[in-house]
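Visitor: Could you show me how to read a few features of this model, one at a time?

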Amino acid sequence: MARDRFRESDYVPVWLRFIGTRKKDERQYNLPTTSEVVALIVGDGQQSRGTRDIVIEERGRGLQRITELHPSSMAMQYPLLFSYGEDDFRTDITRNPRSQNSLQPKSRRQFISLREYHAYRYYGPPDIFLTFTCNPKWSEIQKFVDLIPDQKVEDRIDVVASVFKIKLDELMKDLCQGQHLVGCWPGKDRATFVIKENVSIDGVTKSTIVNEVDEIKRYLDARYVSASEVSWRIFEFDIQYRSPGVERLSFHLPDEQNVIFGNDDQLDDVLNKEGIEKTMFTEWMQMNKVDPSARELTYADFPTKFVWHAKEKKWKKKKKRKSGRCIGRIYYAHPSSREIFYLRMLLNIVKGPRCHDDIKTVNGTLYPTYKEVCNAFGLLGNEGE
């Protein structure tokens, strides 16, 4: 028992005093409003990686140290993603000022964050942005709590978490019925506190004397894990998710399928493995042979009507009752990869090919390379592209 352990071991009694501050995000650092058992994890709960020491040599200027937030930092680290060396995020990108007649509150931050920048770059502007919180006075929660006399809401955090999950699912269902890209990212509560120790009892007044330590030296910032969050994780509810689902579509040149095998696998066993030649890409063309409706879709649009079963290595048509929205995204190919790059371009426009030669055929003419096919479709601006 924890009580017996305390009796057997020496321990120092301490007090924790939470500090209410408005200098930080009050949505994360707001003070508790009820009595509950919580866990405080000092730091952000993640392994600190420190800062990178980036030193570059600029022409005619010698060595120069830059930070990770330098506009050219990402282009130098990931040249495949920034093939033209274009600038990335910078700290002085101003936010769009709200209209004076707008009913929405004006943001305190003047510049956009790194997360906002990349979210807009890769996903575009959000259709809907809302915050959904739990109300302990919901009738569903109150009815359950009232079943036992003198029971309080904070006594049944499991019920609160379950009811909130049901309502959240209904909200997401309503949102996903529209043509919106929806994501759910729960925030993390945090707390700022100081430690009070050296507790003693006054011999005359019998009052408790607390000698508070230096707040500057013992000032702690911690992750605040509440009982409701613990219940949420015990029930293994989704921490974050997005809708619609995204199916990553692989592709390859003829007879250049990727083969995965272990260090101890025999080569003959790998080559003779049943279905080793089947891939998501080859089975798409196979489905075009047997299903006329499949021929009406490009490879990128195929996941909207069909579902890939990885274990069976087979595409199957979606069932209307069980199907959810899903979009396809073809894996990226760099322009220097030549034919694979041109093949990727064609997979966004060609419908219903049954083999690689069908992809290379335009108006009855079979072209020898995918680059020539792209040129026939007018996808290339000039010969050097």
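Visitor: What span should helix H6 have at 1.5 Å a residue?

Guide: Helices are DSSP runs of H or I with at least four residues, strands are runs of E with at least two, and both are numbered from the N terminus. The expected span is 1.5 Å times one less than the number of residues. For the 20 residues of H6 (157-176) that gives 28 Å, and the end C-alpha atoms are 28 Å apart, so the two agree. This is a predicted model, where local features need pLDDT of at least 70, side-chain atom pairs count only at pLDDT 80 or more, and totals for chains, interfaces and linings use all residues. Residues are numbered from 1 along each chain as its sequence is written, and side-chain values use heavy atoms, leaving out hydrogens and water.

Visitor: Where is Lys 318, and what is the nearest side chain of opposite charge?

Guide: Lys 318 sits in the loop between strands S12 (314-317) and S13 (326-330). Lys and Arg count as positive, Asp and Glu as negative, while His and the chain ends are not counted. A salt bridge needs a Lys or Arg side-chain nitrogen within 4 Å of an Asp or Glu carboxyl oxygen. Lys 318 has none, although it is buried; Glu 247, the nearest opposite charge, is 8.5 Å away. Its side chain does reach the backbone oxygen of Pro 303 at 3.1 Å.

Visitor: Is Cys 326 buried or exposed?

Guide: Buried means under 20% relative accessible area, exposed over 50%, and partly exposed in between (1.4 Å probe, protein chains only). Cys 326 has 19%, so it is buried, whereas Cys 355, at 32%, is partly exposed.

Technical notes. Polar contact = N/O pair within 3.5 Å; in protein donor to acceptor, adjacent residues only side chain to side chain.
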